[in-house]
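Colleague: Please take me through a close look at one part of this model. I would like one connected account, with the cut-offs spelled out.

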Amino acid sequence: MRLRGGAAIAALVMLSVAGCKQDTMGTGDSGPGATAGGGSGGGAALTAAESLTVKGRAPKTGYSRERFGSAWADTDSNSCDTRDDILKRDLKQVKFTGGSCKVSYGVLESDPYSGKEVTYKRGRSLVDIDHMVALSDAWQKGAKYWDASKRIALANDPLNLLTVDASANRSKGDGDTATWVPPNKAYRCTYVAAQVAVKKKYGLWVTSAEKAAMVKVLSTCSKQALPTGGNPTNAPARFHAN
């Protein structure tokens, strides 16, 4: 998959982590497991979590999906929508319909949330593309005050997107780390590090309970890298949101 505009060159970093297995799911270009050239080890995720601003949750009033633009907008201008880009990045045995954009089939060999194998078939899919930092959670922690360009960027940033088992994802809802982590314990450190990375990149705050939960998880894998990369934090001017 081609790199997104403005993304750093991503390299897979394999870490030996005490108490937390480093999962490799989503470590493709600009994925949630990607780190900048040379990596960001030595407790970078834990340090970043500890640095996040703590505030109370703002009201959900005014939130709608449309405030983050049309679903799966092609903000990286590669002529493929964001959903297909992420499917192509995360699935194996990928097949396409009419060219090299629309993914018609693929296998999620090890779903990061449940650990099971899941087959994707277009039109009757058992997978979702999860916003690891849920859009309504982002709205309540800073995004309601942004301009539309930044919200559209967040909704389509590969750093915040992951192909996962649909049933596991829907149990999450719009929960943050304080209310939901993946049932698959081996992926929890990677998942929380990705949430930290997104919140730091976009300047989103966390609640005190959320920060405590992040620190608790990342303290079990203190060498966890902080993911980097993804798209710029402003979408191209041609995109609009209600």
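Modeller: S79 is exposed, with a relative accessible area of 66%. Exposed means over 50%, buried under 20%, and partly exposed in between, with a 1.4 Å probe and protein chains only. A word on the basis: this is a predicted model, where local features need pLDDT of at least 70 and side-chain atom pairs count only at pLDDT 80 or more, while totals for chains, interfaces and linings use all residues. Residues are numbered from 1 along each chain as its sequence is written, and side-chain values use heavy atoms, leaving out hydrogens and water.

Back to the residue. S79 sits in the loop between α1 and α2. Its phi is positive, about 70 degrees, although S79 is not a glycine. W72 is also found in the loop between α1 and α2 (82-90). Phi of W72 is near 60 degrees, again positive in a residue other than glycine. W72 is buried because its relative accessible area is 19%, whereas S79 is exposed at 66%.

Now the wider chain. The chain holds seven helices and seven strands. Both are DSSP runs, numbered from the N terminus: helices are H or I with at least four residues, strands are E with at least two. Along the sequence the pattern runs β-β-α-α-β-β-β-β-α-α-β-α-α-α. Of the 242 residues, 53% are buried. Contact means heavy atoms within 4.5 Å. Among contacts in the chain with a separation of 6 or more, 75% join residues 24 or more positions apart.

The focus is helix α1. Its residues A44, A45, L46, A48 and A49 are buried. These buried residues pack against α6 and α7. Take the two partners in turn.

Start with α7. Helix α1 (residues 44-51) packs on helix α7 (residues 208-218) at about 165 degrees, and their axes are 9 Å apart. Axes are lines fitted to C-alpha atoms, for helices over the stretch in contact, and angles run from 0 to 180 degrees between N-to-C directions. So α1 is roughly antiparallel to α7. The scale is this: under 35 degrees is roughly parallel, over 145 roughly antiparallel, 65 to 115 roughly perpendicular, and the rest oblique. The α1-α7 crossing is left-handed. That term applies if the near helix is turned anticlockwise from the far one by less than a right angle; clockwise gives right-handed. A45, L46, A49 and E50 contribute from α1, and K211, M214, V215 and L218 from α7. By class, that contact has six nonpolar, no polar and two charged residues. Nonpolar covers Ala, Val, Leu, Ile, Met, Phe, Trp, Tyr, Cys and Pro; charged covers Asp, Glu, Lys and Arg; the others, Gly among them, are polar.

Next, α6. The angle between α1 and α6 is about 50 degrees, with axes 9 Å apart. That makes α1 oblique to α6. This crossing is left-handed too. A45, A48, A49 and S51 of α1 meet A193, V196 and K200 of α6. Five residues of that contact are nonpolar, one is polar and one is charged.

A nonpolar core is a set of buried Ala, Val, Leu, Ile, Met, Phe, Trp, Tyr and Cys residues joined through side-chain atoms within 4.5 Å. The largest one has 40 residues, and Y113, L154, V196 and L218 touch the most other members. At least two residues each come from α1, α3 (135-140), α4 (148-155), β7 (161-165), α6 (188-202) and α7. The biggest giver is α6, with nine residues. Another core lies apart from this one; it has 11 residues, among them W72, L91, V127 and L161. In soluble globular proteins, nonpolar side chains tend to be buried together.

Beyond neighbours within four places in sequence, L218 contacts A45, L46, A49, C189, V192, A193, V196 and Q224.

Last, the loop between α5 (166-172) and α6, where A178 sits. A178 counts as partly exposed because its relative accessibility is 39%. Leaving out residues up to four places away in sequence, A178 touches A209, E210 and A213. A178 and K211 are 33 residues apart in sequence, yet 7.8 Å apart C-alpha to C-alpha. A186 is found in the loop between α5 and α6 as well. At 23% relative accessibility, A186 is partly exposed.
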